[in-house]
Amino acid sequence: MKQSGYGLILLLVMLLPPVANLLESIMITHMHMQMPILVIAGFLMAKFFQQHYLQFFAKWNENGVPGILLFTIIMAYWSLPRTMDEALTLTSVEAFKFVSLPFLAGVPLRDSWPKLSSFWKHALIIFFTILFLALGWLYMWSPVQLCNNYLVIEQITLGWGFISTAFAMVVYLVYSYFMDFSKYE
Amino acid sequence: METIMNKSGKTQVIREKVNKVLGISLEDARLTKSYLSVAFLAILLGGLLGLLQGLNRAGLLELPVWLNYYQVLTAHGLLLVVVLSAFFTIGYFYAGLSHTLGGLLPKVRKMAWIGFWMKIFGFVLAVIPILMNEASVMYTFYPPMAASPIFYIGLVFIVLGVWMCAFGAFINVASWRKRNPGQHIPILSFFATGVFVLLFFGSLPVAIEVFTIIPWAFGWVETINVMVARTLFWAFGHTLVNIWYLTAVSAWYVIVPKIIGGRRWNDLLTRIVVIALVIMNITGGFHHQIIDPGISEPVKYMHVFMSLAIGFPSLMTAYAMFAVFERTARRKGGKGLVGWYKKLPWGDVRFLAPFIAMAAFIPAGAGGIVQSTNQLNQVVHNTMWIVGHFHLTLGMSVVMTFFGISYWLVPYVSKRVLTPQINKLGVIQTIIWTIGMVIMSGAMHWVGLLGSPRRTSYSTYFDNATALSWDPYLFFLAIGGTLLMIGVLIQVYAVFYLMFFAPKGNTEFPVAEVEEDAAPTPRWTERWGLWIVCMIVLVGMAYVIPLVDFIVNAPPGSPPYKTW
């Protein structure tokens, strides 16, 4: 239960205007630092919801697929340049970001992950690898500024951030494909 | 097929038992002896060159034109930073792999030999231009200073040799894990795995750097991106430093408790320290570039945080070490709040040297934290303070641990014993080294604060009063350096005496056991692939922003400079 508290504190810290302003002032820290931290905050808080709404999760997220689908939709939505721009311009969208990433992405991720079969887990990582490669390509090679709020150089930096994260995921996929853990355990 | 597998598995089990009873096989011993011999010859030569520099900086010795200060400085750095450290680390860990994993596999041994000769070949290639005064670029061989291309080609062979040894170690560990399902990698081999992972990933950036430098040094391309090259260099340079540190730490956790008759501190904590150091190390390179132009202020602040994070596992180590000392001493009847220290074996060089090394890491680590801080770094960056810092960390914390290791490792691989006389000599050597290094490093720190620059041969700057005021400290530097040279001579004598002339006998490889009531270590500590992925993600976090900036907003670049 302690970790749910830490998750809440993390979310509150991220909500502080100076913290939010700092992280949102750079494109890559907005997308690759603030947003994942919000998901992590939700991931930590999930314990609280799992214990208090046992029935709800058992009924609606029996095999983990609905939860992971919700997680994927939310994550894909926040990967779009347009949504980042809107979060900076419209307060309602900014509020939606601080609600959706912890509670609609972080919480379902935690509830779903242990329920998923290894097939779904790998499918998800493969999906995000492809998504990240595509987004990396988009942000790096786009001839125009994609966000009103960020310069082209920041866009290229974010593109490389996507590519390096995708590279790490590829390494993980190759590692888990070639490693037969049963031989060692 | 399966029967063959079973058979070879059984043979391996028998070999492991034989290894435990009879000690290291002759072939594995020869490998480690060769690596250690090169390491200690390097310290002999490198130490001598260091003395020449110390005497020059004190204004006591003018170097001849055919062997100038910067040549000596380059060779001193290369011999001690690359040759001594790499050869000792590989020799020590290969002996450890052989001992804890039941002997090296024949193909791994072959790989280590190929790696040995590649490194020697590379080193010879690198030394020729240094002797010809064509490569006085110092150990920090980044642009815009350019050496002869032969120098860089030599470095490529050194890196390839190191990779050979790294992959050899991975193959041996993987094969052991397959034969011992469900078991944890023995702790010393766990350290070895961490060190070789770092050696491989840490030398990737320098390999890229050198491959961009070679065409530039040949004149095939006109300019080079200096900031990119410097960044790639320090991603390696810093990791290399921490590789020796991790090697020393392995002895503190695993060997020292056995020598004092105690047991190892928490196995899980030890493994977490290794994993944390492996994941967080490479990004530390940026704190060497705090005053570099071209890196924006926010990025520098991020890197201060990333660098200080590396200090955390070191604090865990400090805690664990003193906990082991106290626990062991109390078990032996030690009493009082600090009175228990009397029960530790102070007369045993195998304990004394690593202990002083550890104690030295307290001021050394504190100095490191000072330098990682932006404003303080600006005060000391180009001064002798930095030289004092790395002589305290490497010359004391790391090298003294290596010395302590040599007093049991050399007899172990030579099937000889440590005699009481050599032990006594070792204690004397440890004291001389400690005094020498405290004087030299202390003087360097102090004179650095007074503004004396590093990487500069002796000059009074036209008898400028400030520059003249440095002289007394620089004398201390020379006195310390002379004591250290005496220490080197004693140490090298001890090593070769133990290798070839000491009485024959069996020496134990001292690996401490965990406490009897220790909790089992969780399985996730063995997921090396996952740690490597974490490391890649962290490296991405650290390097994407500045590198994209350096490349996209690149200046025209620099032609090669020969400033000497």
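Predicted model: local features only at pLDDT ≥ 70, side-chain atom pairs only at ≥ 80, totals over all residues.

Residues are numbered from 1 along each chain as its sequence is written, and chains are lettered from A and ligands numbered from 1 in the order in which they are written.

**Exercise 1.** Work out whether B:Leu48 is buried, exposed or partly exposed.

*Solution.* Start by locating B:Leu48: it is found in helix H2 (residues 26–57) of chain B, where a helix is a DSSP run (H or I) of at least four residues, numbered from the N terminus. Next, recall the cut-offs: buried takes 20 or more other C-beta atoms within 10 Å, exposed 12 or fewer, and partly exposed lies in between, with C-beta atoms placed from the backbone. B:Leu48 has 16 such atoms within 10 Å, so it is partly exposed.

**Exercise 2.** Find which residues B:Phe87 is in contact with, leaving aside its neighbours within four places in sequence.

*Solution.* First, the rule: two residues are in contact if their C-beta atoms, placed from the backbone, lie within 7 Å. Applying it gives B:Tyr35, B:Val38, B:Ala39 and B:Ala42 as the partners of B:Phe87.

**Exercise 3.** Describe the side of chain B that touches chain A.

*Solution.* Begin with the counts: 16 residues come from chain B and 17 residues from chain A. Then look for the largest share on the side of chain B, which is ten residues from H16(B).

Definitions and conventions:
Helix = DSSP H or I, 4+ residues; strand = E, 2+ residues; numbered from the N terminus.
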